[in-house]
Amino acid sequence: MADAKVIPFGGEEPRSKRKGKRTGRARTNRVSSLAPVPPQRDVDQAAAAEPEQPAAGDGSARGREPAAAQEGGWDRKLAHGLSFLRRRITGEYEVDEFGYDEELTDQVLMSALRPFYEKYFRVEVKGIENIPEKGAALVVANHSGTLPVDGLMLQVAVHDHHPADRHIRMLAADLVFMLPGVNEVSRKLGHTLACAEDAQQLLERGEVVGVMPEGFKGIGKPFSERYKLQRFGRGGFVSTALRAGAPIVPCSIVGAEEIYPMLGNSRTVARLLGIPYFPLTPAWPWLGPLGLVPLPTKWTIQFGEPIPTDGYPAEAADDPMLMFNLTDQVRETIQHTLYKLLVQRRSVFF
């Protein structure tokens, strides 16, 4: 990706779930006009002696909703699932020119990633409001972890926590789109090639775009250099943001460095396989497939204050000194935040 047109970037139900209507109603007992009316004192005493019963249909009993509401919820879910399957089978769904399938992402792919995000890595998100509620933005994050799990967790963070329900379109290395199966899933998730043309087009459409400029240098660095940012390429992401007038949002991710501690790199095997590096970790390749299970580290993702770019003239995108200064500013912001988060962290796993 060293051509002139390629940026060295490197790298269920819908979320607004509707609650079912409660169908149960409280019953009222009528006193027959023919029956003798007891004295009020006897009525009060009987009421005081009899324990209070929850009204029929009231879900407050033991914190459960009535059976009718539960059945209605499952009916809705089943109908929703069948409708989704019908659209997939008949082809009645839309993808954009990059292959992004929003419906599949929202209802299936995010649901598959969410347990890792919420239960396994227990990701804590800070500063999500720094991503604008509308319009273009370029999120620039550090890259680490041997396998690109951090990009997926970053995508879930924006998808699930942004107050305006925004999505982030991640830019990925060309190797991602050369792997069978991975290519198709990445396209469906909204990932696209880390090149100037694709990034520019997405930003001009007002999308939130995510990039990890360290690329393979960051994700494949040894464990001894954890949380030390590598070089941010030639600043291609800054040029793209300047041309689109999009703010740059620095993003710092803590926790990904330790999921696969990379103790060595077999360059010979990497050359034979045609990949940038072949990691050697305490578990891989010694334990076989079990070595691919990441360690359950505790993650923090923090979004910094946006750096505006719309105040620069049009020719600023071709100014190498300005690009260098902005690139260095973004890099230093991310590095400083990483150190700050590491000081605040109690433990790698808690």
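This is a predicted model: local features need pLDDT of at least 70, side-chain atom pairs count only at pLDDT 80 or more; totals for chains, interfaces and linings use all residues.
Are phenylalanine 121 and tryptophan 299 buried or exposed? Both of them are buried.

**View 1. Phe116, Tyr120, Phe121 and Trp299 gather in one aromatic cluster.** The structure as a whole holds five aromatic pairs. One of these is tyrosine 120 with phenylalanine 121, an edge-to-face pair at 5.2 Å centre to centre and with 85 degrees between the planes. Phenylalanine 121 sits in the loop between helix 3 and strand 1 (124-126), and tryptophan 299 in the loop between strand 8 (279-280) and strand 9 (300-303), so the pair ties together parts that are 178 residues apart in sequence.

**View 2. Arginine 88 has salt-bridge partners in aspartate 101 and glutamate 103.** With aspartate 101, the N to O distance is 2.4 Å. Arginine 88 belongs to helix 2 (residues 67-90) and aspartate 101 to the loop between helix 2 and helix 3 (102-120), so this bridge ties together parts 13 residues apart in sequence. Aspartate 101 counts as buried, its relative accessibility being 0%. With glutamate 103, the closest N and O atoms of the salt bridge are 3.3 Å apart. Arginine 88 and glutamate 103 are both buried. Arginine 88 has an aromatic contact to show as well: its charged end sits over the ring of tyrosine 93, 3.6 Å from the centre.

**View 3. Arginine 114 and aspartate 160 make a salt bridge, with their closest N and O atoms 2.7 Å apart.** This one links distant parts of the chain, with arginine 114 in helix 3 and aspartate 160 in helix 4 (residues 149-161), 46 residues apart. Arginine 114 counts as buried at 11% relative accessibility, whereas aspartate 160 is partly exposed at 26%. Elsewhere, salt bridges with shared partners join Arg87, Arg88, Asp101, Glu103 and Lys188 into one network. Across the whole structure, a search finds 16 salt bridges.

**View 4. Arginine 226 lies over the face of phenylalanine 223.** The distance to the ring centre is 4.1 Å.

**View 5. Seven strands make an open sheet with mixed pairing, in the order 1-9-6-2-5-3-4.** Strand 1 and strand 4 (192-193) are the edges, each pairing on one side only. For an antiparallel stretch, look at strand 6 (residues 248-254) and strand 9, joined by four bridges. Cysteine 251 stands opposite phenylalanine 303 of strand 9. Helix 4 lies across strand 1, strand 2 (137-141), strand 3 (168-172), strand 6 and strand 9, and runs at about 170 degrees to strand 3.

**View 6. Strand 5 is covered on both faces.** Val208 and Gly210 are buried on one side, and Val209 and Val211 are buried on the other. As a general point, side chains in a regular strand alternate between the two faces of the sheet. Strand 5 pairs in the parallel sense with strand 2, over four bridges, and valine 209 of strand 5 is the bridge partner of leucine 138. Strand 5 also pairs with strand 3, again in the parallel sense, over three bridges. There, methionine 170 has glycine 210 of strand 5 as its bridge partner.

**View 7. Helix 6 (residues 196-204) has Asp198, Ala199, Gln200, Leu202 and Leu203 buried.** These buried residues pack against strand 2, strand 3, strand 4, strand 5 (208-211) and helix 8 (236-244). Follow the chain just past helix 6 and you come to glycine 206, which takes a positive phi of about 85 degrees.

Technical notes: Residues are numbered from 1 along each chain as its sequence is written. Side-chain values use heavy atoms; hydrogens and water are left out. A salt bridge is a side-chain nitrogen of Lys or Arg within 4 Å of a carboxyl oxygen of Asp or Glu. Helices (H or I, at least four residues) and strands (E, at least two) are DSSP runs, numbered from the N terminus. Buried means under 20% relative accessible area, exposed over 50%, partly exposed in between (1.4 Å probe, protein chains only). Rings of Phe, Tyr and Trp (its six-membered ring) pair if their centres lie within 6.5 Å; planes under 30 degrees apart count as stacked, over 60 as edge-to-face and the rest as tilted. A charge sits over a ring if NZ of Lys or CZ of Arg is within 6 Å of the ring centre and within 35 degrees of the ring normal. Two strands pair if DSSP finds at least two bridges between them. Contact means heavy atoms within 4.5 Å. Axes are lines fitted to C-alpha atoms, for helices over the stretch in contact, and angles run from 0 to 180 degrees between N-to-C directions.
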